[in-house]
Each structure stands twice: as C-alpha cells, then as structure tokens.
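Hello,

Here is the structure we talked about. Please open it next to this message and follow along.

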Amino acid sequence: MAKRDPNQGRKRIRTCDTMEEHRRLAYLYPEYRRRRREIELETREFIARYAEEGLRTGIVRIPVVVHVVWNTAAQNVSDAQIQSQINVLNADFRRTNADAGSVPAAFAGVAADTRIEFALAVRDPTCGATNGITRTNTATTGFTKATKNNLKSAATGGADPWPSDRYLNIWVGNFTDTLLGSASFPGGPAALDGFVVDTEAFGTIGTATAPFNLGRTATHEIGHWLNLLHIWGDDQGLADTCSQSDECGDTPNQGIMNFGTPAFPHVTCSNGPNGDMFMNYMDYVDDAAMFMFTQDQATRMNATLSVARVGILASDGLVPAGATPGPDLWMQDNADDTGAEPDPSANPMWISDDIWVRNSPDGLTNQDHQNPNGEQLNYVYVRVRNRACPGTGSQSGTLKLYWAKASSSLSWPAPWDGSVTAPALMGELIGSQPVTVAGGSQQILSFNWTPPDPSDYASFGADKAHFCLLARIETSATSPFGMTTAETSNLYANVQNNNNIVWKNISIVDTDGDGMRYADIVIGNFGGERRSTRLIFETPKRRGASLFDWGHILVDFRGVLEKWARGGIKGDGFEQLADGRLFIAQAGAQIQSPQLKRGRFGTLHVQFVPDGRRPTGAQVFELDVTEVDNKGKRIGGQRLLFKTTAGRRRPCWDQQLRTFDGVTWMAKCHDECGCGCK
Ligand SMILES: [Zn+2]
C-alpha cells in the first residue's frame, strides 16, 4: 500500500482497508465469521428467489448521521461540505451523476440506478430534533488505520455511534496515514458499524482534496456497508489474481485493483476486449475515474436491505421529532413525506410505497411491489407508522383497504365503496383490520385479495392486472373518522390533507412479448357531473436519463373513446397519426379529456417503444399520466413504470461458491436458482 507522499502531504492513491478490518474481525470473533457466512447465504438465496423481478420498484431512503471528530478548526467540516457529500451519494446511487454518460458503451447496458437514496437524519435516537450531524472536539491530533476505531467511541477520543440498525453512521476525521476510508460489512459489532472517512476525501468542497474531492470515497464505502466486495475479488495477494470474484455476474473478472485514471480498455484475466470495469465505484481509481454501479451490485445492495440491514426500512430517523404532538398513526405518501398535514411535497399523491402487493405471502421478506395476478389470491401489505416518540403511548384505529380499477379519475367514496357496478365492478373494500402501533414504531398488516375476473373489463378495453389501492386509518367510528380534514369527493385532496390516507396507482408495465411494453388506464366518469379536465404525460423531475431518452410512447383509445379520438384530439406536445394514435416523444404532452356521461368508461392504451439509442442501463423509468382540472390542479393520475433490464436467472455470482476469505461457503441452492451449485 502506498505511503503518504512526504513532499505533498496528500493522499495519492485510493486506500480502503475494509477487507483488512473484515479479516481482523473474522480472526477475533467466531460469531462474526458465523454471521458473515449466514448473511452471504441469505443474500444469495434472496437474490436467486427474486431475480426475475429486477430492480426495486420503490425507493429506499437511508437516514444518515455524520459524526465530525475534529482537532483543528479546519477539520471541523462545514454543514455545506456534509450536504455536498449527501448530494454526491444521491447522484451516484440514483445514477443521476453528471459523469454517468462517461461509462464505455461496452458497460453502459449494465450501469444501474440502485433505487437507494440518503438523507441526514432529522430525529436522533432519543427522539430529539437533529440536523443529522454531531461535532466532537477531540484531543487526538490524527487517526490511522490502526486507530481508526477510536473515532467510533467517545471514550477513545471519538463519537459514539447511533443505533446502527436505524442509521448509517459516518465518522469524518483526520487521518495522518494513507487511509481514505474503511467500512463495516453487515454482520459486525454494532459499536463499530458504519464507516470512517478522511476529511480530505469527504464531500466536494472545503477540506476535500484532489484526486479524492468528488465524494466517491463515501460512495465506495457505502457499497461495502451494503455488502459489496471490491470488484477485483481481493485476490491481489494470491498467486492467481484471477481466482476470486466479487460475487456479481455482470462485472468482468479482473486481476487486481486499478489506481489513478486508467485508459480504456485495460485487459487482465483474459477479459478482453473490454477489460476491467475500472470505472466501477468498487475499484480503487481516482474519484474522477469512477462513475457506475452495475445491476447485479444494485441487486446485492437491495438484497442486503431486505436481509441484514432490514431495520433501515423501519427507521424513524427521517421523521421530524420536534413537531410531533403525541400518538399519531400515519402512512407515507412518498419518500419525501414526513407526516405533515397537508403533505407539502410536490410529488403526486398516488405513489405510496407503504402499500405493496405480493403474489406470494412473502411481503415481510420482500417489501417491494408486484403487479397483482388477476383472479388469483394475492397479498397486500400496508405499513402503519406512529409519529410519536417511543414511550409516549400507542394509538389504535381501524385500517381499511380498498381497490379500484386503474384509472386517472378516481373520486371518493365511489368507486372504492363498491357502488359503481357498470360496466363492471370498479372498486370495493378489500378488508378492514384493527391496528395498534406504539410511538416511534410501525407495523405491517397483511390482507388477502383476489382481484376480479379480468374478462369483466374486456368491454372497455382495460387490461387485467392494473388496479389502484387506497388505505385509510379511521381512529374514530363517527365522521370525520379521525381525519384532520374531513373527506370530500376530491380524493386527491383527501390524501394530501390527511396523513392517515395513502394511495397507490402504480402499475409495472408489462411486455407484450415483442419487446414492446404497454399499459392501460381507464378514463371515465365516476362522479356524475361532466368536468373539463386535461391529461398530462409527465416524467418525474430528475437530472438523469428520462423515459424519452429511451424511446417514445404511442397512445391509442379503446372502448367509448375510440370514436371520440377519431374526431381529432385537442392539446399540444404530441402528433396525432393517421390511424388516430398519439405519438409522444417528450414529457409534458397534454390532451383535453373527453367529457363522458356518468358511468361511461374507456381506456387509454399506452405503448412504450424503444428507439434503439445508446443503452440506458438498468433503470426504472416512470411515466405519470396526470389528470388536472381547468386551474391546473392535480385531481388524479396513474404512474406507469418499467424496468429497462429484465431480471436474470443467475445474477450476482459468476463462479462456483468457493472459499471466501478463509470461510468455505456451504453451497445451498434455492429451487429456482439454476446457478449450478453443487
Ligand atoms: Zn473498499
């Protein structure tokens, strides 16, 4: 390993001692070895079981606490520098980093949006308000690889960790040797869990120093914290440097680590013509030379969040503590929602991740949404939270869950109450359960649900698997049922105004077998009066690739809308083709909605058509079809999302199970894994 350059006093090459720390713990603690082995097997089993679902549908946002441990004022990095680091993490993990387009074409097809985000905690472990930053003035003038864990305890000149099952702990300190960072794999002692990073390799401003001033040390270390291995397999000390794997099938086998800013391609281990994937965050190159995770890495990190770090999904670290009056049951509209009433976020109200459907009763293990299977038993899960502090008492209520046919124009209480039965049943109560949740905690409730017969909807062209779901917690038996703002027929406002109503209109877009993807959205009139509305085709705001970088959409009209569409569609941002279909190549297209009589329904059939441009990698593209009133206010809508790479049957390990760092893995094969384990 490199020594600090005495002339420059700077770190010249990347040094991460996560593996050395892992070996140290494995040597000292048999329990750690046992736990690591168990986690590896559970992770592989999870990946094998869910391979075909591909990327996570929802978003996970991880609460972060940054412990700044400083001796000189210069080491006391600013809040702005800390925020610059959080921004880098969100860009890198969501693949909205400005240099994402620098990935060589040979690897662009597997570059991934991991669907993982980060935010500084706003609630500390004792339920106090926090900015997610602690500052400790230490007498220790510098830390080294050997003394790095001193940073993690107040008793040794550092700062104590926050509970590692609810927060990602980051310690920023002054390292006087070559170390940039060192992380804990899942399964280690809680008191040491998280990662340490040098002030020169943290964030993008202030003390951040080239070539490690782009925040990528933290990206790399969090890769380890979510159980990623170095991309070369850590076999640099072995006679055969091609022998070990990072357990990810879409990263080429490579010899040893790369440093600096290598030229593409760099061939080792017969991995030509494309060579090493040295631009991966899990190699050792400079910050400016690394800019991707792969799909299998994303899968492995997400599996870790379901297996060894599942506590993060239940953390209340991002729920403000200060304004919490007392017990308050609530559910989250979207990742930005903290339970405030009304929800001030600019996101649509129909994308809650607190409701998810599973085709098997496995929704506690895999807390991610699948489309329901028509006419079969499905399982719907709802996460109910209590915003109050732990120990301040519980609240009880009744959780009611409803379905409706996927539609842009839903109102309340019809069609959810089962009152719309023509041309087919358009919605109904799925079930009702009592729920009691203690302050600061949450509970997941499960409902059995068999969606109605798909053929009932054939008359107006709706497809079989797309439904909307609505969950309401009533904390009183009499109107307004405990709602802060009494409900009206404006469902959108009901959801926005009350934190105990959430709504999910998310359909994962199907493939028709020809590489085309499609979805159907019902347009209709549930309420009675004819309304003048517009439909807007929007993509959620993000800096990275959008749906329309991948291709375009074609919309045709079915059922009663067919004749209406032939009369010419008013609006802008689209082209109407001779056959009546709409061709839409950019976000923001809008059309005047048809004015339908009560009880009349038709369908928008939306096709997603790739135009074969540069590969977009593994992403989840989102399209919101939003209905707005004549003042431009949202009244309803539907999110369609599709994954640009399908899951594969054998993700994430490209070699036989083998001896990994002194532990011989027991080969254990899930029925569906097809991985050739023996
Ligand atoms: Zn590392």
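**Strand β9 and its partners**

Val357 stands opposite Val380 in β9. That pair belongs to the contact between β8 (residues 355-358) and β9, where 4 bridges join the two strands in the antiparallel sense. Before going further, please keep in mind that this is a predicted model.

β9 covers residues 378-386. How many of its 9 residues are buried? The count is 8, so the strand is mostly covered. β9 also runs antiparallel to β12 (residues 442-449), with 8 bridges between them. There, Val382 stands opposite Leu445. A further antiparallel partner is β7 (residues 329-330), joined to β9 by 2 bridges. Leu329 has Asn386 of β9 as its bridge partner.

**Domains**

In the contact between them, 27 residues of domain 2 meet 28 residues of domain 3. What is the make-up of the domain 2 side, by class? It has 15 nonpolar, 10 polar and 2 charged residues.

**The open sheet**

Next, look at the sheet of 6 strands. It is open and mixed, in the order β15-β26-β25-β18-β23-β20. Which strands stand at the edges? They are β15 (506-508) and β20 (571-572). Each has a single partner strand, so one side of each has no neighbour in the sheet. For β15, pairing with β26 (residues 634-643) is parallel, over 3 bridges. Ser507 has Leu640 in β26 as its bridge partner.

Two prolines deserve a look.

- Glu341 to Pro342 is a cis peptide bond, with omega near -5°. Pro342 sits in the loop between β7 and β8.
- Trp412 to Pro413 is also cis, with omega near 0°. Pro413 sits in the loop between β10 (395-405) and β11 (427-437).

**Positive phi**

Asp234 has a phi near 55°, a positive value in a residue other than glycine. Cys269 is not a glycine either, and its phi is positive at about 50°. Asp234 lies in the loop between α5 (216-225) and α6 (295-306). Cys269 is placed in the loop between α5 and α6 too.

Are these residues buried or partly exposed? Asp234 counts as buried because it has 22 C-beta neighbours inside 10 Å, and the cut-off for buried is 20 or more. Cys269 is partly exposed, because 19 other C-beta atoms lie within 10 Å.

**Ser184**

Last stop: Ser184, in the loop between β5 (181-183) and β6 (195-198). With 24 other C-beta atoms within 10 Å, Ser184 is buried. Which residues does Ser184 touch, leaving out those up to four places away in sequence? They are Leu192, Asp193, Gly194, Phe195 and Trp225. Ser184 and Asn334 are 150 residues apart in sequence. In space, their C-alpha atoms are 30 Å apart.

Best wishes

Definitions and conventions: Residues numbered from 1 in each chain as written. Predicted model: local features only at pLDDT ≥ 70, side-chain atom pairs only at ≥ 80, totals over all residues. Contact = placed C-beta atoms within 7 Å. Nonpolar A, V, L, I, M, F, W, Y, C, P; charged D, E, K, R; others polar. Pairing = 2+ DSSP bridges. Buried ≥ 20, exposed ≤ 12 C-beta atoms within 10 Å, placed from the backbone.
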